[in-house]
Amino acid sequence: MKKAFNLFMLLLLIMIPLLTACNSEGTSNEPGDDANSGDSGDKHKIGILAPAVTHGWVAAVAYHAEARAKELGDEIEYQIQTSSNAEEMTSQLDDLMTWGAEAIVAFPQWEGMEVPIQRALDAGIEVVNFDIVIDAEGVYRVAGDNEDMGVQGAKYIVDKIGTEGNVVVLEVPTSGSVSELRTKGFVDTMKEIAPDMNLLTYATQFTREDGLKDFADILTSNAKIDAVYSLDDETSIGVLQAIRESGRTDIKVVTGGGGMQEYFKMMPENEDLWIQSALYSPAMVKDAVDVALKVLKGEDVEMETIIPTTVVDRDNYEEFLDAGSPY
């Protein structure tokens with residue numbers, strides 16, 4: 001009997017701490033004791049959709065978007081997805097909706113994104129588009145002033161060569177509203193301030209390889225060119241290489257757009273050729289992330305935030321050099 005009692009007491013002493021431990025799991029009477037409680041329950045969930053890296057500027061967009069999301073880590077949870085086409089971006093948008101995104105910052109470079117973005121909006125998700133204009137009701141937008149970039153390009157060329165001459169216009173139809181607006185601003189302004197200017201329009205892409213290849217052909221087809229209205233710094237680097245390899249000295253101005261460090265450093269290299277960029281920094285995407293958070297907080301936000309154009313050339317390029325920039 002005594003042995004049985006001793007055995008019972010021994011088992012009881014073993015079981016008491018185990019029962020106490022089991023009862024304490026998953027419960028807490030003290031605020032902040034649970035590792036998953038506190039700030040995480042108050043954080044807003046923001047998804048970021050960007051194109052895969054096909055262009056230095058695009059790479060910098062994803063970089064700056066994620067950098068800003070990390071800076072806001074006390075206020076938001078985020079997921080960033082990159083895609084190669086509209087179908088892939090649509091699938092990723094669906095994934096973000098399933099994840100529970102309250103807002104999505106999107107950089108939809110391809111046609112066909114209107115329907116999936118409208119579907120997200122109809123589901124009550126806030127959408128902030130960066131750069132691109134699409135036909136979706138209720139979408140916020142943050143962008144540089146694409147049309148004004150064209151306006152400033154036209155004024156710059158006229159300032160350097162006068163009101164008459166042959167100007168090659170390198171549009172990029174596949175970039176949608178970006179090319180449409182920049183080209184419109186340029187052409188409309190030229191008609192107003194230099195109606196006798198001869199505009200020669202060609203299609204290209206936002207890559208230096210296409211700029212080189214296409215402009216080499218354009219040089220062969222045109223014996224006299226006074227200026228080049230290029231929409232993008234990457235394209236312009238290819239254009240400058242084609243000019244250099246051809247030995248042509250008739251071209252006096254090459255414009256660009258974006259804000260590429262490599263392009264800035266080329267600006268002082270040739271005193272006979274003005275190299276210009278209409279600053280359109282990829283860091284503007286940080287403003288798009290900020291807009292998404294403000295909307296989720298219930299703050300008053302304009303549906304469209306347009307960031308003014310800044311012109312960069314050899315007179316002021318040093319002000320815009322940034323050794324830490326990925327673009």
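These legends go with a set of close-up views of a predicted model.

View 1. Before zooming in, have a look at the confidence scores. The chain averages a pLDDT of 86, and 86% of the residues score at least 70. Residues 1-40 are another story: over this stretch the pLDDT is below 50. Leaving aside near neighbours in sequence, residues 1-40 have 3 contacts in the model.

**View 2. Helix 6 and its buried residues.** Helix 6 runs over residues 177-193, 17 residues in all. From its first C-alpha to its last, helix 6 reaches 24 Å, close to the 24 Å expected at 1.5 Å a residue. Buried residues here include Ser 177, Val 178, Ser 179, Arg 182 and Thr 183. Further along helix 6, Gly 185, Phe 186, Thr 189 and Met 190 are buried too. What do the buried residues of helix 6 pack against? Their partners are helix 5, strand 6 (166-171), strand 7 (198-203) and strand 8. As background, an α-helix has 3.6 residues a turn, so residues three or four places apart point the same way.

**View 3. A cavity inside the protein.** The structure holds 1 cavity of 30 Å³ or more, and the largest cavity has a volume of about 40 Å³. Helix 5 (146-161) and strand 8 (227-230) are the elements that each give two or more residues to its lining. Among the lining residues are Met 149, Gly 153, Tyr 229 and Ser 230. Arg 182 also lines this cavity, and you've met Arg 182 already as a buried residue of helix 6.

View 4. Which element gives the largest share of the lining? That's helix 8 (residues 233-246), with 3 residues.

View 5. Asp 214 sits in helix 7 (residues 208-221). Is Asp 214 buried or exposed? Asp 214 counts as buried because its relative accessible area is 15%, and the cut-off for buried is under 20%. Setting aside residues up to four places away in sequence, Asp 214 touches Ala 203, Thr 204 and Gln 205. Ala 242 is 28 residues from Asp 214 in sequence, with 8.9 Å between the two C-alpha atoms.

Key: Residues are numbered from 1 along each chain as its sequence is written. This is a predicted model: local features need pLDDT of at least 70, side-chain atom pairs count only at pLDDT 80 or more; totals for chains, interfaces and linings use all residues. Side-chain values use heavy atoms; hydrogens and water are left out. Helices (H or I, at least four residues) and strands (E, at least two) are DSSP runs, numbered from the N terminus. Buried means under 20% relative accessible area, exposed over 50%, partly exposed in between (1.4 Å probe, protein chains only). Contact means heavy atoms within 4.5 Å. pLDDT is the predictor's confidence in each residue, from 0 to 100. On a 1 Å grid over the protein atoms alone, a cavity is a set of points where a 1.4 Å probe fits but cannot get out, and a pocket is an open set with protein on both sides within 12 Å along at least five of seven lines; lining residues have an atom within 4 Å of a point. Grid points are joined across faces, edges and corners, and a volume is the space filled by probe spheres set on the points. The expected span of a helix is 1.5 Å times one less than its number of residues.
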